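Welcome, and thanks for opening your viewer.

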Amino acid sequence: MNIDPNQIKLKTMKKRTITAGILLSLTILTGSVMAQKQAPLYKNAKAPITQRVESLMKQMTLDEKIMQLTQGNAGQNDNQNNQGEKIKGVDPLIGSLIYTGTDVEYRNRIQKEALEDTRLGIPVLFGYDVIHGFRTVYPIPLAQACSWNPALATQSCNIAARESYLTGINWTFAPMIDVARDPRWGRVAEGYGEDPYTNAIFCRAAVKGFQGENISNPYSIASCLKHFVGYGLSEGGRDYHYSDVSPQSLWETYLPPYEAGVKAGAATVMSAFNDISGVPASANHYTLTEILKQRWGFKGFVVSDWFSIQQLIAQGAAKDEKEAGYKAFYSGVDMDMGDNIFPEHLKKLVEEKKVPMSRIDDAVSRILTLKFKLGLFEHPYAEMMPESQRYLKEEDKTTVKQMAEESMVLLKNAIQTLPVSNTVKNIAVIGPMAKDQGNLLGSWSGHGRAEDVLSFYNGIEHEFNGQATLQYAQGCDFEGNDQSGFNQATEVATNSDLIVLCLGERREWSGENASRSSIALPTVQQLLLESLKKTGKPIVVVLSNGRPLDLSKIEPLADAIIEAWQPGIQGGAALAGILSGRVNPSGRLAITFPYCTGQIPIYYNMRQSARPTQGLYQDVPTDPLYPFGYGLSYTTYHYGPVRFSSTKIKKNQKLIAEVEVTNTGSKIGKETVLWYISQPVCTITRPIKELKYFEKKEIQPGKTVTYRFEINPMRDLSYIDSNGHKFLEENEYFLLVNGQKLKFEITK
Ligand code: GLC
């Protein structure tokens with residue numbers, strides 16, 4: 001068979017091509033296998049996190065490990081000429097940065113340097129105080145607690161998490177769950193009130209909101225339980241001060257919210273500033289290691305509060321920074337926030353064999369584990385997009401408006417002043433808070449902007465458009481002695497059918513480092529109310545504040561009082577809805593309003609006095625002005641008799657309690673049933689009553705809804721002693737709900 005020479009060439013070429021192709025693919029395959037072999041395990045997203053951590057730590061030097069234990073500040077590179085240049089002042093080896101900006105390109109450039117300009121490419125963990133909103137700001141946590149709607153708190157925190165995530169923030173320093181009973185302490189605004197159970201429930205809700213169903217999912221960010229522990233007992237309400245926390249109070253009151261948060265899977269904990277009965281929280285091995293890590297099995301990491309390690313020197317717990325660093329690290333602080341003590345001293349402490357490598361590795365592995373869980377190695381960068389796609393979505397505004405509506409508390413409503421009747425044709429909106437926007441954001445409001453806030457005045461203007469005309473007068477400032485605006489306010493009021501007087505606190509008067517010796521409003525605000533009272537017009541006092549106030553001089557002059565708290569960007573709409581009756585107020589106080597500063601501390605779950613009818617104040621009432629759980633509605637509810645599944649149970653049996661609640665009014669309402677227990681006689685004395693369950697339900701007018709509390713004796717009836725051990729006694733107990741008090745027994 002003649003063979004065409006060209007065919008031979010073609011065949012030869014084909015063979016060579018095929019051979020070359022095989023060789024090439026073998027090379028690529030080998031290369032990729034080699035690459036696979038060379039790519040360290042820790043970069044393999046499919047490998048188990050424990051193996052990735054181990055693989056990475058094997059390669060890390062001591063210096064690299066110590067840098068992971070360090071949190072700095074991503075100071076703004078504000079010289080626009082430096083764009084693209086190395087970020088000045090930020091070490092790309094650092095474990096974490098507090099980022100207070102929203103420049104995603106800048107934040108990504110820092111991350112890029114960490115990933116590409118360092119030997120191991122460990123991403124930075126960016127943290128920020130996202131307490132009650134990132135840009136879409138919702139009510140302060142104390143207000144959220146007054147909504148008794150944890151699901152709504154979860155939704156709100158979920159919005160905050162998404163906006164944070166889209167900005168490149170992977171970690172928030174929230175929720176704050178410090179039980180607080182001294183409203184002179186400004187940080188009472190940041191927690192969920194005076195009750196351990198309420199703080200525990202809202203803590204769980206917030207952790208779920210921030211971390212989502214799975215912390216590895218997009219839009220999830222790590223949460224941080226703070227400030228561990230007993231910070232709310234800062235003496236005299238003076239921030240940063242000594243806190244005398246008895247072992248009994250520690251276990252009974254201050255630890256339970258943290259235990260709930262750890263069980264809810266909170267990623268991190270922040271150690272507090274306060275000195276816990278002689279051992280500062282940031283150098284307290286008992287709380288940080290024995291309780292948190294050993295007894296509760298906490299697998300996340302502990303970050304110190306801002307410079308709280310260095311502050312051990314001021315507290316007299318360390319002679320210098322090296323000793324402070326040793327005490328904090330040994331006690332269980334894993335990451336040093338801001339004061340640079342760990343990078344300065346830990347290496348020397350290891351070399352001197354004062355700090356074992358095992359403790360270094362324990363801390364580093366905790367931090368790396370969170371970074372892997374967050375997916376930072378695979379998704380280190382925030383997506384670039386227009387700001388309008390990141391923040392202030394319309395559906396989010398609706399959610400935070402509902403949060404504000406449900407957190408406001410109707411404290412007084414004499415002669416049915418509210419809701420505003422349609423005979424009211426002219427409303428005088430008066431006071432320093434009437435048109436204010438920024439103060440409605442409250443403390444720790446992230447990137448919230450005053451211009452995003454609907455003021456009370458604008459909310460009322462929108463709500464009553466076409467129904468009533470509005471007049472406005474500021475009347476006075478928040479403080480000072482200038483009464484020159486009173487006359488104009490009086491004039492405006494005289495020409496109106498109703499006065500809405502908006503008073504309250506500047507946002508700076510609560511939050512961190514905002515202790516006040518008196519919880520009364522400045523006198524000038526009180527005098528304005530007194531001046532307006534002379535007009536004889538009905539007065540609705542609206543309050544925006546970050547703490548319980550002494551309303552003893554305001555209450556007698558007001559026909560109605562609405563505690564609006566610091567409601568966030570939708571505050572004006574929420575308030576206006578309550579004024580018009582579009583919203584039936586459903587908030588109840590999660591913290592007691594003392595009659596006056598002199599009553600502090602006063603809270604619902606105090607212990608019984610040895611002489612309940614004596615030892616009363618000689619000069620003021622002994623009862624608070626508004627107790628925990630207090631709040632009015634525009635409708636009325638009738639509680640049927642509480643029904644028990646039994647009045648005697650054994651320790652291992654459940655007890656079902658039910659109550660039927662009827663809406664006997666004409667307006668739909670949301671009613672929260674608060675279930676308390678009490679054990680009048682016990683091995684240790686117990687609080688007069690303790691909240692153990694609550695549930696909020698919507699009830700149509702004329703309808704009846706059943707509320708049910710399934711009592712689990714060990715969970716709901718046991719007491720905890722000063723060593724943290726729970727005991728359940730065969731004894732008599734009482735269930736208290738809405739004025740009913742029913743006895744039952746735990747028997748052998
Ligand atoms: C502050 C606060 C703490 C906050 C931290 C970072 O001092 O005590 O709540 O998370 O520093 O801003």
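**Stop one: the ligand**

Select Arg187 together with the ligand: an N or O atom in the Arg187 side chain is 2.8 Å from an oxygen atom of the ligand. Such a polar contact is a pair of N or O atoms within 3.5 Å; within protein, one must be able to donate a hydrogen and the other to accept it, and residues adjacent in sequence count only if both atoms are side-chain atoms. Taken alone, the ligand exposes 310 Å², and the protein buries 91% of that (Shrake-Rupley areas with a 1.4 Å probe; for residues, only the protein chains shown count as cover).

A word on what you are viewing: this is a predicted model, in which local features need pLDDT of at least 70 and side-chain atom pairs count only at pLDDT 80 or more, while totals for chains, interfaces and linings use all residues. Residues are numbered from 1 along each chain as its sequence is written, and side-chain values use heavy atoms, with hydrogens and water left out.

Then show the surrounding residues, including Phe173, Lys226, His227, Trp306 and Trp444 (a heavy atom within 4 Å of the ligand). This shell divides into six nonpolar, one polar and five charged residues (Ala, Val, Leu, Ile, Met, Phe, Trp, Tyr, Cys and Pro are nonpolar, Asp, Glu, Lys and Arg charged, the others, Gly among them, polar).

**Stop two: the sheet**

Switch to cartoon view and find five strands forming an open, parallel sheet in the order 4-3-2-1-10. Strands are DSSP E runs of at least two residues and helices H or I runs of at least four, numbered from the N terminus; two strands pair if DSSP finds at least two bridges between them. Zoom in on strand 2 (residues 96-98) and strand 3 (residues 125-128), joined by three bridges. Here Ile98 stands opposite Gly127.

**Stop three: Gln471**

Next, select Gln471 in strand 13 (residues 469-473). Its side chain reaches the backbone oxygen of Val492 at 3.5 Å and that of Asn495 at 3.3 Å.

**Stop four: Ala564**

Finally, pick Ala564 in the loop between strand 16 (560-563) and helix 20 (571-580). Is Ala564 buried or exposed? Ala564 counts as buried because its relative accessibility is 0% (buried is under 20%, exposed over 50%, partly exposed in between; 1.4 Å probe, protein chains only).
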